[in-house]
Amino acid sequence: MAKQPTKFSKLNLSKIIQLRKFKIKYDNIRNLELLDKNKNYKLESFNQYRLKIDSNIFKILTIWGRSRPTFNSDEAYLQNYSSLHYTKGKVAIIVNSGIYDAVRASINQYVIDLAHDGYFGLVYTVNGASPSGLKNHLKSIIGLKGAVMVGSVPVAWFEMSDDFDDSSSEFPCDLYYMDLNGNWTDPDGDGKFSTNTGTVQPEIWVSRVWTPTEGGNNTQQIIEFFNRNHQFRLGLSGCSRNGLSLIDDDWEHFGDCAMDSFLPSAGIETITDPAQTTGDRYKTEINSTRGWVTIGAHSSPNGHSFKKSGGSDWVSNTYLRDTRPPKGFFYNLYACSNTRFTTDNYMGGWYIFDNPGGEQCRGLAAVGSTKTGSMLYFENFYTPMASGKVVGEAYKDWWIALGPDHDLGERRWFYGMSLLGDPTINWWNGATPVLIGPSNEAVFNHFPRNTTFTWAAVPVSGATYTIEIDAFGARNSGQWAAQTGEHWLVQSGITGTSFNHIFVGAQRGRWRIKANVSGLNLPWSEWRYFRYTI
């Protein structure tokens with residue numbers, strides 16, 4: 001157990017932008033503690049991390065731009081960047097050069113998935129360990145919205161001498177990459193940043209696809225993650241609009257952690273009764289399907305500690321790794337150092353990566369901390385999601401709401417914050433309609449060209465549907481209507497799961513569906529193609 005200088009932290013709420021009125025009292029918050037089953041546990045230091053890296057490449061960085069995958073002929077207009085088709089901007093996908101060949105197919109599929117969502121993916125491989133070199137590269141990309149770092153990609157470390165406790169005074173700090181125009185310095189030249197000046201609000205979001213084994217470079221786990229991500233985007237992995245807030249004794253007043261900012265209150269299970277927040281209850285709840293899960297507990301990279309009468313329950317990272325993988329899709333880990341990704345078998349990683357064999361993990365993204373501390377002001381994280389923002393954008397908004405500078409309390413609590421997994425999605429990506437008929441590339445020779453389109457209902461109550469039908473050459477010769485930013489036919493407000501339409505002519509056509517839930521337009525399905533001969 002780390003020694004705590006004070007029991008409560010006093011935070012300055014006057015400078016915090018409130019995207020929604022705070023329902024939680026944040027004035028005095030019980031500090032998170034580094035707790036581990038091994039009472040003498042120490043977090044891995046910067047020097048220990050540095051010993052894992054070839055000293056010959058520690059200060060250098062070589063970056064190669066990789067070609068984008070070749071899109072099929074019907075989507076060739078997505079091959080190159082245009083503001084018409086890539087309305088959400090650019091995403092840099094930074095891959096460790098040593099694993100690129102092994103994971104290339106998965107990265108290419110991810111680029112195509114991003115394109116269908118309106119993001120232009122740029123793929124780079126890196127060799128070396130220079131954070132400043134990588135940051136300069138990110139700064140050079142015009143229109144960059146965020147970066148997804150795959151495998152062991154350079155880690156920026158921050159140090160502070162007046163932290164909660166000595167054990168977390170140096171830690172990985174991805175805010176360094178998010179803050180493109182701030183001035184971060186290392187006055188003593190020890191390889192760790194210790195000061196930052198200027199406006200420190202982030203310009204981009206950053207996430208890590210860093211596996212808990214093989215130093216972040218387990219290619220089997222990375223491939224499995226992106227395959228599962230692809231299936232989720234197609235609506236083939238299920239989804240949930242429900243939430244869980246399981247918060248241990250010291251923060252029971254957190255309640256649902258403001259998840260009702262974007263999830264229906266009736267669908268959020270809140271467990272804060274000290275008699276109920278036990279290791280056994282955690283194991284039961286973590287294996288239930290939910291869209292968003294918040295876990296609040298004193299922790300370490302090795303596990304969670306839940307208080308109980310006369311002691312505590314310790315749940316090791318090995319439970320998620322070896323016994324039962326978690327069944328939630330997205331996580332907020334209010335759990336000290338749980339996402340310290342430089343630590344072997346870090347527990348935060350096992351929320352989103354799968355160990356082969358047995359049941360399958362469903363996790364796709366998790367936010368947590370690499371040090372003592374974690375997220376507060378949950379309203380500022382969840383409220384942007386109510387307007388349809390994906391995890392990365394909501395995470396960036398949360399940081400921006402902290403203001404243009406950070407005082408000691410904010411550095412203590414938040415400078416270890418990190419985002420794992422895919423930042424370009426949210427629970428609703430799993431509510432993509434699955435198309436039934438016509439089958440892909442169906443050929444019809446009947447007239448009139450009366451066509452019935454059918455799809456499966458999404459597993460969210462009250463959903464309505466929008467169909468888009470496109471006809472090749474109907475608007476512009478040799479082009480799809482959507483290719484030029486136009487539409488052939490769009491029909492919204494469909495309450496069932498079928499639509500009848502008389503197609504325009506003897507030509508090629510395609511169709512897709514999206515759902516609408518509570519006024520929120522969910523992502524489009526993939527295009528499915530057909531053709532009439534008469």
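Let's start with Tyr-377, which counts as buried at 1% relative accessibility. Tyr-377 sits in the loop between S18 and H9. What is the phi of Tyr-377 near? The value is near 55 degrees, positive in a residue other than glycine. For context, most residues other than glycine have a negative phi. Please keep in mind that this is a predicted model, as is everything I'll show you today.

Now, which ring does Tyr-377 form an aromatic pair with? The partner is Tyr-26, and the pair is edge-to-face, with 5.1 Å centre to centre and 70 degrees between the planes. Tyr-26 lies in the loop between strand S1 (8–10) and strand S2 (28–30), while Tyr-377 is in the S18–H9 loop, so this pair ties together parts that are 351 residues apart in sequence. Tyr-26 is buried too, with a relative accessible area of 0%.

Here is another edge-to-face pair for you: Phe-503 and Phe-530, with ring centres 4.9 Å apart and planes at 70 degrees. Phe-503 belongs to the loop between strand S25 (498–502) and strand S26 (508–517), and Phe-530 to strand S28 (residues 528–532), so parts 27 residues apart in sequence are tied together here. Both Phe-503 and Phe-530 are buried. And how many aromatic pairs does the count come to? It comes to 53 aromatic pairs.

While we're on rings, let me show you some charges. Lys-135 lies over the face of Tyr-176, at 4.1 Å from the ring centre. Arg-512 does this with Trp-524, lying over the face of that ring at 4.3 Å from the ring centre.

Helix H9 covers residues 379–386 and is mostly covered, with 7 of its 8 residues buried. Those buried residues are Glu-379, Asn-380, Phe-381, Tyr-382, Thr-383, Pro-384 and Met-385. What do they pack against? Their partners are strand S14 (290–300), strand S17 (328–335), strand S18 (365–369) and helix H10 (391–400). Just after H9 you'll find Gly-388, with a positive phi of about 100 degrees.

A polar atom of the Ser-299 side chain lies 2.8 Å from the backbone oxygen of Ala-297. Setting aside neighbours within four places in sequence, Ser-299 is in contact with Glu-33, Leu-34, Leu-35, His-304, Ala-335, Cys-336 and Asn-338.

Next, a glutamate: is Glu-170 buried or exposed? Glu-170 is buried, with a relative accessible area of 16%, and that falls under the 20% cut-off. Glu-170 is in strand S8 (residues 170–172). A polar atom of its side chain lies 2.8 Å from the backbone nitrogen of Phe-46. Again leaving aside neighbours within four places in sequence, the contacts of Glu-170 include Ser-45, Trp-157, Lys-192 and Arg-340.

For contrast, take Glu-214, which counts as exposed at 56% relative accessibility. Glu-214 is in the loop between strand S11 (205–209) and helix H5 (219–233), and has a positive phi of about 55 degrees although it is not a glycine.

On to the backbone. Most peptide bonds are trans. Where do we find cis ones? A cis peptide bond joins Gly-437 and Pro-438, with omega about 5 degrees, and Pro-438 lies in the loop between strand S20 (435–437) and strand S21 (442–444). Another joins Phe-447 and Pro-448, with omega about 0 degrees, and Pro-448 is in the loop between S21 and strand S22 (450–455).

Let's zoom out to the whole chain. There are 11 helices and 28 strands. The radius of gyration is 24 Å, close to the 24 Å that the globule rule gives for 534 residues, so the chain is as compact as a globular protein of that length. Along the principal axes, the C-alpha atoms fill a box of roughly 80 × 55 × 45 Å. Of the 534 residues, 61% count as buried. Among contacts between residues at least 6 apart in sequence, 75% join residues at least 24 apart.

Finally, a word on confidence. The mean pLDDT of the chain is 94, and 97% of the residues reach 70 or more. Over residues 1–6, though, the pLDDT is below 50, and this stretch has 15 contacts beyond near neighbours in sequence. Where pLDDT is low, the predicted coordinates should not be read in detail.

Definitions and conventions
Residues numbered from 1 in each chain as written. Heavy atoms only, no water. pLDDT = per-residue confidence, 0-100. Contact = heavy atoms within 4.5 Å. Buried < 20%, exposed > 50% of the residue type's maximum accessible area, 1.4 Å probe, protein only. Helix = DSSP H or I, 4+ residues; strand = E, 2+ residues; numbered from the N terminus. Phe/Tyr/Trp six-rings, centres within 6.5 Å; stacked < 30°, edge-to-face > 60°. Lys NZ or Arg CZ within 6 Å of the ring centre and 35° of its normal. Polar contact = N/O pair within 3.5 Å; in protein donor to acceptor, adjacent residues only side chain to side chain. Rg over C-alpha atoms; globule rule 2.2 N^0.38 Å.
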